[in-house]
Every structure is written in structure tokens, then in C-alpha cells.
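Please work through the following exercises with the sequence and the structure at hand. Each task is followed by a worked solution.

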Amino acid sequence: MRSLSFSPAAERNRAPILEALQRLLPPECRVLEIASGTGQHAAHFGGAQSRWEWQPSDRPGSDFESIDARCADLSAVRPAIALDVLQEPWPVAASFDAVYCANLLHISPWATCPALMRGAAACLAPGGVLLVYGPFLIDGAPVAPGNQAFDADLRARDPDWGLRRLAAVQAQAQAAGLAPGEVLSLPANNCLVVFRVG
Ligand SMILES: C[S@@+](CC[C@H](N)C(=O)[O-])C[C@H]1O[C@@H](n2cnc3c(N)ncnc32)[C@H](O)[C@@H]1O
């Protein structure tokens, strides 16, 4: 068997994110994960919370084998599905209590942000939440040197990528009918940003 794809960052940030999710989500709920990547978050969160019914996803052509292999022994984690945020409507029949998305908005074109907001609003149940994790630019706050360098690196790799202004992301959420909620500060200058079904 080939080795599973691996993200050192996901290994570092999974514990603080799980702690935040445990504060925000009920013990039993249905979660759609967008842009699951290697599946390390799905495996860690699904392993810790057996009553979170976790649906991983990523865009077509992604490494679904790694996601599914990592989560094979976790009965509450569903096989990953192909879901491109930019292809609306999303191919999900169920409604979810939460949509979770980590490290997508700065590593994709800006159009991904309004599409994420619309897609999440369409598949969230009443009282549901969208949880977006990553580094953001916060108006009036100094940008941490690490985030400045990360932003420059992203833009050099692709001019359509880069850290997003949190206020602009929140405006897109509002336009899609999601109300901006708490902004939790997490290690390494990242945030977990909450949006609620209005
Ligand atoms: C930096 S990785 C983050 C993976 C994982 N969420 C994490 O935090 O470790 C970015 C992910 O976004 C996915 N992605 C990029 N554009 C996408 C799109 N339009 N729809 C869905 N996923 C997308 C990529 O395939 C990749 O898995």
C-alpha cells in the first residue's frame, strides 16, 4: 500500500481545533467537512467524538484514498465525497448541523469564499453553524510576521491566493444569510470563525 499523504500543519493544529470544536458543537451532530485534504482532521475529530457523524469531502481528483484509509476504523466517519465548493449546488442530500472548513480560503481564489458561504447556508439545518479555520487579516490589528511571510509566499505561488480580510469574509457570510459569530484565537496566529444560520 502506498503511504498516506501527510500534513505537518494538520498534525500541529488538530488538538487546539478539536478543543474549540468540543466547546462549540453538541456531543451528537452531523458535520460536513469541506476540503478535508489528508483526512488528518476527520480522523482526529472522529476518533475523539464518536457521536459526531462526520462527512469528509474534497474537490474531485483529491486524495480520497488517504482520507478513507485514515478513517477506516471510525464508524461515525463516512467515506469521503467529491465536493468542489465552486460547483453549486453542492452534491449533498442531507442537512448538517455544522459545516467545518480549514485552510481553504487563503489557498484558493476569492470566488471560493462567497461559494462556501452560499453552499453552507444551503445545507445547514436551522440553528446550524459554519466553522472556518485559518489565518485571517483583522482590520486594525497588526499582522504577525509569520502571517505576513505566509501571505507573500502564497501570492508568489498564485496571485489569486492570499490571506483574506476577516471583515470581507464576514460580509460574504451576511450576504448568504449567515450571521457572523465568535472569532476564537488559536495558536500560531490562526482563528476559528463562527457563522450561524440567521
Ligand atoms: C491546505 S489544504 C487544507 C486541508 C485540510 N483542511 C487541512 O487543514 O489540513 C487545502 C485543501 O483545499 C482543497 N480545495 C481547494 N479548492 C477547493 C474547492 N474549490 N473545493 C473543495 N476543496 C478545495 C484542496 O484540495 C486541499 O485539500
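This is a predicted model: local features need pLDDT of at least 70, side-chain atom pairs count only at pLDDT 80 or more; totals for chains, interfaces and linings use all residues.

**Exercise 1.** Determine whether strand β6 is mostly covered or mostly open.

*Solution.* Locate β6 at residues 124–134. A residue counts as buried if 20 or more other C-beta atoms lie within 10 Å of its own. Eight of the eleven residues in β6 are buried, and the strand is thus mostly covered.

**Exercise 2.** Identify how β6 is joined to strand β5, and follow the chain between them.

*Solution.* Begin with β5, residues 96–102, which runs parallel to β6 and is joined to it by six bridges.

**Exercise 3.** In which sense does β6 pair with strand β10, parallel or antiparallel?

*Solution.* Strand β10 covers residues 190–197, and its pairing with β6 is antiparallel, over six bridges. As an example, Val132 has Val193 in β10 as its bridge partner.

**Exercise 4.** Describe the packing of α4 against helix α6.

*Solution.* Two packed helices are described by the angle and the distance between their axes. The axes of α4 and α6 (residues 166–175) come within 8 Å and cross at roughly 40°. Because of this angle, α4 is oblique to α6. The crossing is right-handed. Finally, list the residues that meet: Cys113, Pro114 and Met117 from α4, with Val169, Gln172 and Ala173 from α6.

Technical notes
Residues are numbered from 1 along each chain as its sequence is written. A residue is buried if 20 or more other C-beta atoms lie within 10 Å of its own, exposed if 12 or fewer, and partly exposed in between; C-beta atoms are placed from the backbone. Helices (H or I, at least four residues) and strands (E, at least two) are DSSP runs, numbered from the N terminus. Two strands pair if DSSP finds at least two bridges between them. A crossover is right-handed if, with the strands pointing away from the viewer, the path from the first strand over the helix to the second runs clockwise. Axes are lines fitted to C-alpha atoms, for helices over the stretch in contact, and angles run from 0 to 180 degrees between N-to-C directions. Angles under 35 degrees count as roughly parallel, over 145 as roughly antiparallel, 65 to 115 as roughly perpendicular and the rest as oblique. A crossing is left-handed if the near helix is turned anticlockwise from the far one by less than a right angle, and right-handed if clockwise. Two residues are in contact if their C-beta atoms, placed from the backbone, lie within 7 Å.
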